[in-house]
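Hi,

Here is the structure I said I would pass on. Have a look at it, then read my notes below.

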2 protein chains.
Amino acid sequence: MKLIAPLAATIAFAASALLADPLPSWNDTDAKSRIIDFVESVTDPASDDYVTPANRIATFDNDGTLWAEQPIYFQLIFAIDVIADMAREDPSILTSDPLKAAAAKDYKAVISGGKEAVIEVLTASHAGMSVTDFQARVAEWVSTATHPQTGLRYDQMTYQPMVELLRYLRDEDFKTYIVSGGGIHFMRVFAEQAYGIPSEQVIGTYTETQYTVENGVPMIIKAPAIGFVDDKDGKPVNIERIIGKRPILAAGNSDGDFAMLEWSTAGDGPRLGLIVHHTDADREYAYDRDSHIGKLVDGLDKGPEMGWLIIDMAQDWHRIYTGVR
Amino acid sequence: MKLIAPLAATIAFAASALLADPLPSWNDTDAKSRIIDFVESVTDPASDDYVTPANRIATFDNDGTLWAEQPIYFQLIFAIDVIADMAREDPSILTSDPLKAAAAKDYKAVISGGKEAVIEVLTASHAGMSVTDFQARVAEWVSTATHPQTGLRYDQMTYQPMVELLRYLRDEDFKTYIVSGGGIHFMRVFAEQAYGIPSEQVIGTYTETQYTVENGVPMIIKAPAIGFVDDKDGKPVNIERIIGKRPILAAGNSDGDFAMLEWSTAGDGPRLGLIVHHTDADREYAYDRDSHIGKLVDGLDKGPEMGWLIIDMAQDWHRIYTGVR
């Protein structure tokens, strides 16, 4: 028995050490303690800040918050890759400058065409097929395509500290949602495996869809028209419409997330707003006020006084990507 | 020990008897056994028909499927009651015949004005206020208003057999959703208490909403415009958009549910489509092909050959309402 007691103590210590650090890829800075303090306060039934599990709703932006978004949104890289593939089969599809730029994988030229050029590229690669066929195309791409700068697969460029945060929250009976400007049909292909988030908790931008029955087979077809843009004010609108509860934790990285954080943290009781600030040019990217993607001005200027936690990637994160780099 | 054994046996028997009938308000007819056989086959890991919990999605229409819908949709009765109240405060609001008919609680006159009259009455009672204020109004009504024919509160006119079915499915790790032509903001007020369905699993028709910040307070305002009609083809479209998975069980009562059942039951593997057929003029209402509400033609004509189960309320249900009548 004397021999066993220290062993049991060791095991107990190991278990408690594991429990004590739900966020191993976060450095021991204020950011980490504020997150843990928040979660402990809302999950402790003895706390004044206790929140029932049914109301533990957490919403996360995707691009720039859960995975990288440079040099351009990954969904746009997917669209460009698809058009390049389509053009190899049939060059006659390249009927416009944006499509030609896409086929040449010239990101800058696509972007320089503005919103209309981007929508043309997205539509040509996303519409006119069933959701099932579209998602098979995305699955093929996610499992093979690699990022031009890191050489990682895109689903390896998810942020390890954020994946840990999502898991920690779910372990504490939170429901974790994605609320992103990205497309629902695109994100649902990898969200379960990459983040542990099932399709019914993926909220985002969507194209119009039509229900049709062809030769007795019902299908849902993606139409060449945007149904809803899940960005800026669209985020709280969509959260209210689909979840019907106000999140107690919301995380983003750009001013497109401002309204979501504002709406979430203005509710009664304990709330936590998180902004991922891209400060790490060495390990990831450094950008904020002047960026063409993920522009962050209001979040930096007003976030702190609203009590939001600004996460400094360079300081607060021990590791960046889930994939090895 | 001899005394305790029979006691234990009795307890075990009692527990097993409870387990043996998850649907006590259903008569012992084919309908009940088909439902139980389906649930047992998809939840038995040894069965070829086994479905993982993540894919056990069940969707239910509300009006006429989970609660009654005669003489007119209860949400329209609510709207009419609201306008009558508003008119008592300020009769000058009654600027049209439909609004005057509503203030007089003349259901027939409102309905006879057609879709436009109904939308006018709904808009006047539902729009131009925050979702929070609207839902407080609904909560007040649900807790006090009573049905003109049964004298029951509306939330007592939910169907006991269907509430048992919802609970049985959740006990077997299904996620149960409402997918209804009714309004999400209206239904969410009572869905949790009446059906055990949380707001994030209530899908339905919605008005456009706007996010605004007034005097520093963010709010979501209901606009006087319909954003999406969750009926007919809109049901599979909304299910795909919000859940992103195809239900393995779908239940409705009218041709407005046909597409939802068609979409759900056309998927691979085991599927169950249910139609609640209103056959009980004594205890509830009897209507189908010629009804102005809940019209059911395609479901009766094509449902059986598609393998759908037509529930005969008079034959299959031992009890109708959750409320005492």
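In chain A, 66% of the contacts between residues at least 6 apart in sequence join residues at least 24 apart; two residues are in contact if their C-beta atoms, placed from the backbone, lie within 7 Å. Bear in mind that this is a predicted model, where local features need pLDDT of at least 70, side-chain atom pairs count only at pLDDT 80 or more, and totals for chains, interfaces and linings use all residues. As for labels, residues are numbered from 1 along each chain as its sequence is written, while chains are lettered from A and ligands numbered from 1 in the order in which they are written.

Chain A has 13 helices and eight strands (DSSP runs numbered from the N terminus: H or I of at least four residues for helices, E of at least two for strands). Its C-alpha trace spans about 80 × 50 × 40 Å along the principal axes.

Now the inside. Of the 325 residues of chain A, 45% count as buried, meaning that 20 or more other C-beta atoms lie within 10 Å of the residue's own, again placed from the backbone (12 or fewer is exposed, in between is partly exposed). Helix α11 of chain A, residues 258–265, has eight of its eight residues buried, so it is largely enclosed by the rest of the structure. Among them are Phe258(A), Met260(A), Glu262(A) and Trp263(A).

Chain B can be laid on chain A with an RMSD of 0.0 Å by a turn of 180° and a shift of 0.0 Å along the axis, superposing by least squares on the C-alpha atoms of residues with pLDDT of at least 70 in both. That is the relation of a two-fold axis. In chain B, Ile242(B) has the C-alpha nearest the axis, 3.6 Å from it. Both copies use the same surface: 100% of the contact residues of chain B recur in chain A.

Cheers
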